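Please read the points below with the model open beside you.

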Amino acid sequence: MTDLPTSTEKKLGLVIDLDTCVGCHACVISCKGWNTENYGAPLSDQRPYGEEPMGTFLNRVHSYEVKPEGGAAQTVHFPKSCLHCENAPCVTVCPTGASYKRKEDGIVLVNESSCIGCGLCAWACPYGARELDQAEGVMKKCTLCVDRIYNENLPEVDRVPACVRTCPAGARHFGDFADPESNVSKLTAERGGMDLMPELNTAPVNKYLPPRLKDSWDDESVLAPFLEPVAEETQGFMGWLDKQLSRLPGDVKQTEGAE
Amino acid sequence: MHPAASVIVFTTLSGAGFGMLAWLGIDSTPSTGWGAFGYYFVAFALAVGGLLSSTFHLGHPERAMKAFTQWRTSWLSREGVCAVLALTVMGLYAAGLIFLGEALSILGWIGAILSLGTVYTTSMIYAQLATIPRWNTPLTSLLYLTFAIAGGALLTGKVTIALVLLVAASFVQVIWWKKGDTAFADRGTNLGTATGLGDRGEVRSLAHPHTSPNYLMREFIYTVGRKHVQKLRVISLTLMAAVPVVLLALFGANHFIALIAVLSHIAGVATSRWLFFAEAEHTVGIYYGMR
Ligand code: SF4
Ligand code: SF4
Ligand code: SF4
């Protein structure tokens with residue numbers, strides 16, 4: 001049923017740390033790798049080696065630049081997958097009941113054998129977290145790796161989403177937001193975890209940790225006084241070499257007053 | 001939004017068809033026998049033809065029956081249910097007129113309400129989407145309903161009413177366009193709120209996650225023809241309302257003139273629907289630094 005549960009027992013989701021993400025796209029690849037051969041239809045590619053290749057991915061990494069007023073611009077890599085919204089608009093629009101939010105853990109899933117591929121849920125998702133598979137004609141989205149996190153055939157260390165397990169920078173964290181003592185709840189509280197597009201009232205479960213502020217142009221390091229240049233004039237062999245090189249033509253002139 | 005032909009054909013034809021059925025249902029002096037057959041044939045052809053065309057964009061049309069199950073939350077499901085009910089009731093009413101020469105007027109009225117209900121549910125599929133601010137207004141329902149009623153009046157030969165309604169539909173259309181042009185900015189969603197980084201400075205997209213357009217970009221970011229928008233709006237209004245109004249006012253309702261008026265009207269509505277989709281900006285575009 002596409003009614004949303006009034007509350008869920010657990011609220012499983014991800015914390016994504018925009019401070020540490022290095023934009024390597026490893027999560028994109030491991031997500032595709034795991035999900036193309038497990039739950040549901042494979043994630044197809046169209047013209048993978050041809051012109052304008054395209055394919056289905058459940059996780060994508062954008063790159064943005066933030067430029068504070070008068071400050072230095074900062075690059076922020078921005079992974080984006082389904083946020084498993086509590087107030088998921090993608091679920092209620094579905095005419096077939098294929099899209100649903102699980103009462104037990106809050107994961108938003110698509111039952112592919114009921115999906116007619118109308119695409120309306122992708123229209124309703126503000127974040128672009130759903131992609132209609134062009135080969136299968138059914139809707140694909142992040143499953144929160146539901147077939148890993150409860151999978152007793154996997155070693156315990158692997159019972160987390162593929163993207164979390166793979167991230168070399170530790171920028172993705174998995175846990176239960178309903179538990180205030182969980183790793184993700186604590187991280188969110190400590191670092192000021194944010195909702196994306198809060199004005200649309202989707203109440204995303206996944207949270208984004210803002211990048212820490214970087215140095216500004218004006219701040220002088222407290223160590224600066226100890227970093228006085230040690231040798232103003234080159235001496236010894238380097239001094240001789242410097243002189244000889246200066247005699248050769250083609251040097252950048254450092255004469256004062258000259259243009 | 002990508003203006004898919006199947007959806008443009010669907011909303012244009014079904015709107016006119018259900019509008020026609022609504023007028024036929026409340027007609028106090030309905031024609032019977034062959035006369036009735038002609039009207040109902042056209043109305044059903046438009047309504048059903050449109051509905052069938054809408055299934056062409058489905059990934060799995062063979063599972064379409066499942067779409068009737070979620071009427072409690074889904075406007076798309078409600079539309080399906082409403083359309084089937086409207087067609088059934090109006091089918092029975094039409095059968096009475098054609099074969100028995102009798103009008104069961106209560107059935108006609110119920111059918112008319114269901115027909116307009118179908119148009120309303122269609123409009124709500126779009127109007128409910130907060131992701132597309134241009135559509136996300138009750139005016140979208142008003143737009144769909146006035147178009148359907150005006151088209152229906154024209155198609156059922158109610159000339160005087162049609163003249164008034166076509167002018168009214170033009171007004172609604174112009175207001176809808178005007179409000180729509182600022183709807184996205186008014187909503188306040190931008191790359192700042194989309195990334196949560198807006199309070200630290202100006203955010204811009206440096207690199208897309210992929211090198212060529214994916215499903216999201218093809219479906220949600222459609223910029224082709226934007227530079228012609230104003231021209232297309234004029235063309236749409238001219239064909240949808242101006243031409244039929246002038247023709248009918250000057251020459252009255254002879255069959256040939258009526259046919260031209262109807263074709264012009266439908267072409268105008270189709271142009272309006274093309275614009276409806278092509279101009280619509282989805283919030284996904286923001287993540288790609290476009291709209
Ligand atoms: S991110 Fe999109 S697909 Fe995921 S639950 Fe929210 S609205 Fe649905
Ligand atoms: S594409 Fe599938 S899951 Fe999405 S709304 Fe349509 S039927 Fe439901
Ligand atoms: S949780 Fe699983 S499905 Fe979701 S983005 Fe990560 S790897 Fe992909």
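This is a predicted model: local features need pLDDT of at least 70, side-chain atom pairs count only at pLDDT 80 or more; totals for chains, interfaces and linings use all residues.

1. Residues are numbered from 1 along each chain as its sequence is written, chains are lettered from A and ligands numbered from 1 in the order written, and side-chain values use heavy atoms, without hydrogens and water.

2. Chain B has 11 helices and 1 strand. Read from the N terminus, the order is α-α-α-α-α-α-α-β-α-α-α-α. Helices (H or I, at least four residues) and strands (E, at least two) are DSSP runs, numbered from the N terminus.

3. Along the principal axes, the C-alpha atoms of chain B fill a box of roughly 75 × 45 × 30 Å.

4. Of the 291 residues in chain B, 53% are buried. Buried means under 20% relative accessible area, exposed over 50%, and partly exposed in between (1.4 Å probe, protein chains only). Among contacts (heavy atoms within 4.5 Å) in chain B between residues at least 6 apart in sequence, 76% join residues at least 24 apart.

5. An unreviewed UniProt entry places the feature "transmembrane region" at several spans of chain B, including 106-127 and 161-177. UniProt positions follow the numbering used here, feature names are shortened, and annotations may be inferred rather than shown by experiment. In the model, residues 106-127 of chain B are 100% helix and 0% strand, with end C-alpha atoms 31 Å apart. Residues 161-177 of chain B are also 100% helix and 0% strand, and their end C-alpha atoms lie 24 Å apart.

6. Two residues of chain A deserve a look at the backbone. Most residues other than glycine have a negative phi. A:Glu52 has a positive phi of about 45°; it sits in the loop between strand S2 (45-46) and strand S3 (54-55) of chain A and is partly exposed, at 42% relative accessible area.

7. A:Ala203, also not a glycine, has a positive phi of about 50°. Its loop runs between helix H6 (183-191) and strand S11 (207-209) of chain A. A:Ala203 is partly exposed, with 31% relative accessibility.
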